[in-house]
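Thanks, everyone. Let me put the model up and walk you through a few places in it.

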Amino acid sequence: MLAPRTLLYLLIAAAVGQPGAAPAQSKATRSDDLLNDSIDFAGFHLALRPYARLPESTRNIIQMTTRPGGDRLHVVTENGVVFALAAGADGAAQPEPWFDAREAVESATGRRFVFDGRGQRGLQSLAFHPGFDDPSSRGYGKLYTTYLEERPDDTGAHRYLGPDDLGGESIDGVLAEWTYDHESGEVEPASRRELFRVQMPEYDHPIKLAQFNPHAEPDGDDYGLLYVTHGDSNVKHSPDDDAQHLDNALGKMLRIDPLETDSAPYGVPASNPFADAPDARALREIYAYGFRNPHTFSFHRDSSNAVHLLVGDIGRNNIEEVDLVVPGGNYGWPEREGTFAHRQAPPGSENAGYLTGVSPIPDDEPAGRYRYPVAQYDHDAPRGVPSSGNAIATGAVVRSRRNRQLHNQFLFTDFSTVRGASVREGEVFACDLDDMLSAVTTLGDPDSPPSESDRLRQAAVSKVRLWLDHDLDPTTPPQVFDGFVDLLATPRTDVRIGVGPSGEVYFSSKQNGAIYLATDTLPQSKREPD
């Protein structure tokens, strides 16, 4: 099997008609830091132990999140059941059903909650309003879910974000609000309030994660604003280019104030980049665009307490990427994939669209037109394979005093589907957060001579070995794995990463419903030495 960079260079060379040649020199491709030639293991490990396992009927873990001020981890499953994990005396957690969104949706609407069919289905996320436990807040008891629901017969009675005439599937992505009764300790099914729906032209890459900025202060501009991602809902070659159009929610990150106003089901922040767009068709809710499948995202503080938003965008044939999101940023899909131009088949041809590989970024690309990744890795897949099967899942920044080498490392992973020549081991990757924040992600003036300062540069990526305390016995050595494929003994890992109430990091898998705690991310006890 060819090394990743070698194969990708051959892809590029074939695309430009120079078999075996290296890519043309340009501002974007001259840097040796463009791709990781081979991703090596770092000199440190990640210590895991089993933490919980969900019942066999509800193993489809899609998210792990926490309630503001709470002490439990909430685990969201695609079939609609949300569990709260209460830790026992031995440190293991017992999952307790907390909310059945599927039952509540069908009870409140009479429509089908879509859990059958393809892999991207059912409940996609849950987000607690930051004022959830504050009786003086308008967000008291409010929580939000994204999920897939049967399309209503009367679409005119619902608020669609973007066009409602896309045809295609009879399934919509939905953002809904619910109210939790603090006295009864239950979410009220009748409290469901629909904020918006998104019609999907294809049943693929639907509505994704909803999340509040956990670092926003009550007097800050970002407090109480809900971020929501939506995939491009397009066939794999994306002939419609929807992610580049501002009149729809496909391939976008959205930001709203989800609380109801006197005249609308939610508010749009005046600071949104397109809030005053001259084009009336542009959605004011859009925060950033040009994504393919922005699966998971997270907020992180740097050493100066500035907050940064990182999103993992799943690629198709070539690149998996981590993007640093800025307001109004265009992340290129489908015209770009990673730090490359995505080549198009001729219009009108049988396979019109983006199916023919990648090329170097043109030297005449306008300055700042796209935002490129802060970290990326490529696929080792043969040319012509429609999908490599690899998919990135992000991520958490570790603040560890137990394992100093893990401190400030951004951890992410790969779903790892083995298909043909495309193999990933379900590795856990690490990038230094400061390196990511210093990455060069935009190109300069194409009319000026290229210089070191305007070459694209990404953070170095390394792999982290997993040390599993499988028997919870400190006197026996841990089991060592190169990745989750080995640990789970399955070709597809479907790993998610979550952060607990104290900043500790968890890993979960749909395949076995298991949750693993990264023990060297636990806060240090006051009795433990520095």
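First, the ground rules. This is a predicted model, so local features need pLDDT of at least 70, side-chain atom pairs count only at pLDDT 80 or more, and totals for chains, interfaces and linings use all residues. Residues are numbered from 1 along each chain as its sequence is written, and side-chain values use heavy atoms, with hydrogens and water left out.

Start with the sheet β2-β3-β4-β5. It is open, has 4 strands, and the pairing is antiparallel. Strands here are DSSP runs of E, at least two residues, and helices are runs of H or I, at least four, both numbered from the N terminus. Two strands pair if DSSP finds at least two bridges between them. The edges are β2 (61-66) and β5 (93-100); each has a single partner strand, so one side of each is left without a neighbour in the sheet. From one strand to the next, the twist averages 30 degrees. Axes are lines fitted to C-alpha atoms, for helices over the stretch in contact, and angles run from 0 to 180 degrees between N-to-C directions. Strand β4 (residues 81-87) runs antiparallel to β5, joined by 7 bridges. A86 sits opposite Q94 in β5.

Next sheet. The order is β6-β7-β8-β9, again 4 strands, open, antiparallel. Here β6 (123-128) and β9 (186-199) are the edges, each with a single partner strand, so one side of each lacks a neighbour in the sheet. The twist averages 25 degrees from strand to strand. β7 (residues 142-150) and β8 (residues 171-181) pair over 9 bridges. E149 faces D172 in β8. Helix α2 (residues 101-109) packs on this sheet and touches β6, β7, β8 and β9. Touching, or contact, means heavy atoms within 4.5 Å. The α2 direction makes about 80 degrees with that of β9.

Now S400. It lies in the loop between β21 (392-397) and β22 (409-414). Buried or exposed? S400 is buried, at 1% relative accessible area. The cut-offs: buried is under 20%, exposed over 50%, partly exposed in between, with a 1.4 Å probe and protein chains only. Leaving out residues up to four places away in sequence, S400 touches L406, H407 and D520. Its C-alpha is 8.9 Å from that of E504, 104 residues apart along the chain.Last, a cavity: points on a 1 Å grid over the protein atoms alone where a 1.4 Å probe fits but cannot get out, lined by residues with an atom within 4 Å. W333 and R336 are among those lining the largest cavity.

Technical notes:
1 Å grid on protein atoms, 1.4 Å probe; cavity = no way out; pocket = protein on both sides within 12 Å on 5 of 7 lines; lining within 4 Å.
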